[in-house]
Amino acid sequence: MGKAAVLIGIDQPLEIRDDVDVDAPHAGEVKVRMAASGVCHSDLSMQNGTIMAGMPPIVLGHEGAGVIEEVGPGVTKLAPGDHVVISWVPQCGECYFCTRGQPQLCEQGGIAMATGGLLDGTPRLKSQGAPLPQMAASGTFSEITVVPEIGAVKIPADFDLKLAALIGCGVLTGAGAAMNTAQIHQGDTVAVVGCGGVGLNVIQGARIAGATEIIAVDMNETKLALAKEFGATATVNASQGDPVSQVMEMTGQRGADVAFEVIGLQQTIDQTITMTRRGGQAILVGVPKMDAMINIPAFFGVVFSEKTIKGCWYGSSDVQRDVPKLIDLYQKGQLKLDELVSRTITLEQVNEAFDAMKTGEVARSVIKY
Ligand code: APR
Ligand code: ZN
Ligand code: ZN
């Protein structure tokens with residue numbers, strides 16, 4: 001029996017259950033003893049009903065790392081004792097998307113995402129006598145979980161698992177948005193709207209990719225200060241005047257070469273597209289409500305201005321390629337991970353981590369098991 005933090009209803013605090021039974025991994029699956037899990041805004045978005053990926057009761061958490069405890073039949077790439085980062089998009093390497101260099105869109109992930117199960121649609125956790133679904137084929141708010149083999153990436157055993165957990169979502173998504181989705185060029189001027197756990201990684205990804213001007217936009221001064229630490233060259237406080245006109249002013253009224261939306265609000269999505277220069281790219285990273293719409297004039301906003309509006313899912317990451325690459329960048333001192341950890345907490349404190357996220361106090365709270 002283990003412990004897990006379970007969403008039992010929209011807008012309800014997560015319930016800490018201690019009766020969670022974990023089945024043996026099925027074929028192609030691995031059992032992982034979690035070492036750490038970040039608390040990401042997408043977990044909060046599950047709680048408040050913004051994201052609907054499986055129905056409560058469901059174990060949240062999708063940004064984690066741990067140690068393999070047991071492997072199911074047919075597992076060849078992982079063995080007990082291996083340290084892994086959880087990939088909340090399992091990447092099969094063989095489907096239409098994987099073979100076209102877009103593994104972040106892998107066909108395998110869809111069923112898991114929609115049902116709260118693993119690749120066959122069923123979860124491996126049980127609580128109160130019933131199957132207990134797992135968010136995004138992960139459920140990293142559980143001491144022990146089972147994930148598809150293709151949803152775990154082996155990392156060196158001496159790498160800090162608390163930092164590895166953050167790579168699993170915020171870093172892959174944010175740094176990937178800059179390095180993979182946008183393919184920032186040397187000398188680009190970039191704007192990043194929203195400087196939370198994901199946005200800070202967009203900023204450092206842009207810095208590493210060679211952007212020279214990085215304008216950070218947020219409403220929270222603590223976040224703007226952190227943004228500077230991560231590589232922002234200028235900041236805009238969106239609560240003090242229109243952020244679009246402030247960014248336009250900073251870019252000679254041209255707009256940013258690449259602007260990123262990293263919150264998931266209809267208003268900031270429109271702002272981000274508007275502050276993108278003619279011929280530039282607006283990259284939409286934040287996950288909006290399912291009924292949010294983009295409101296941009298078709299002619300002046302897109303056709304005449306020849307803007308690219310590009311969605312970004314999981315930082316367009318190939319996890320087997322990018323997790324080692326990010327670890328390498330960290331070891332070379334180019335990628336910041338320690339500075340992302342605002343608080344280290346216990347599983348029982350997960351609801352406090354949600355509150356801290358709502359008030360914008362933290363980059364990341366990280367659960368250490
Ligand atoms: N204008 C500018 N900044 C804002 C606004 C606004 N209108 N509203 C919120 N913010 C800022 C907050 O102050 C905070 O710093 O956006 C940031 C959001 O950060 P987090 O809550 O830490 O969220 P994060 O985990 O970074 O996720 C961002 O990416 O993966 C998705 O689902 C996730 O949609 C979410 C987004
Ligand atoms: Zn996330
Ligand atoms: Zn695939």
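**Terms and values in the predicted model**

Colleague: Why is Arg343 called partly exposed?

Modeller: Arg343 has a relative accessible area of 35%. Buried means under 20% relative accessible area and exposed over 50%, with partly exposed in between (1.4 Å probe, protein chains only), so Arg343 at 35% counts as partly exposed.

Colleague: What are the conventions behind these values?

Modeller: The model is predicted: local features need pLDDT of at least 70, side-chain atom pairs count only at pLDDT 80 or more, and totals for chains, interfaces and linings use all residues. Residues are numbered from 1 along each chain as its sequence is written, chains are lettered from A and ligands numbered from 1 in the order in which they are written, and side-chain values use heavy atoms, without hydrogens and water.

Colleague: What makes Glu361 and Arg343 a salt bridge?

Modeller: A salt bridge is a side-chain nitrogen of Lys or Arg within 4 Å of a carboxyl oxygen of Asp or Glu. The closest N and O atoms of Glu361 and Arg343 are 2.7 Å apart, so the pair meets the rule. Glu361 lies in the loop between α10 and β18 (364–368) and Arg343 in strand β17, so the bridge ties together parts 18 residues apart in sequence. (Helices, H or I of at least four residues, and strands, E of at least two, are DSSP runs numbered from the N terminus.)

Colleague: How do you know that Asp82 is buried or exposed?

Modeller: Asp82 has 12% relative accessibility and therefore counts as buried. Lys154, its salt-bridge partner with closest N and O atoms 3.5 Å apart, is partly exposed at 47%.

Colleague: What makes up the area buried between domain 1 and domain 2?

Modeller: Domain 1 (2–170 + 316–368) and domain 2 (183–311) have bounds from an automatic or database domain assignment. Buried area is the accessible area (1.4 Å probe) that two parts lose on being put together, summed over both. Here the area is about 1400 Å², with 61% from carbon and sulfur atoms. Across this interface the rule finds zero salt bridges.
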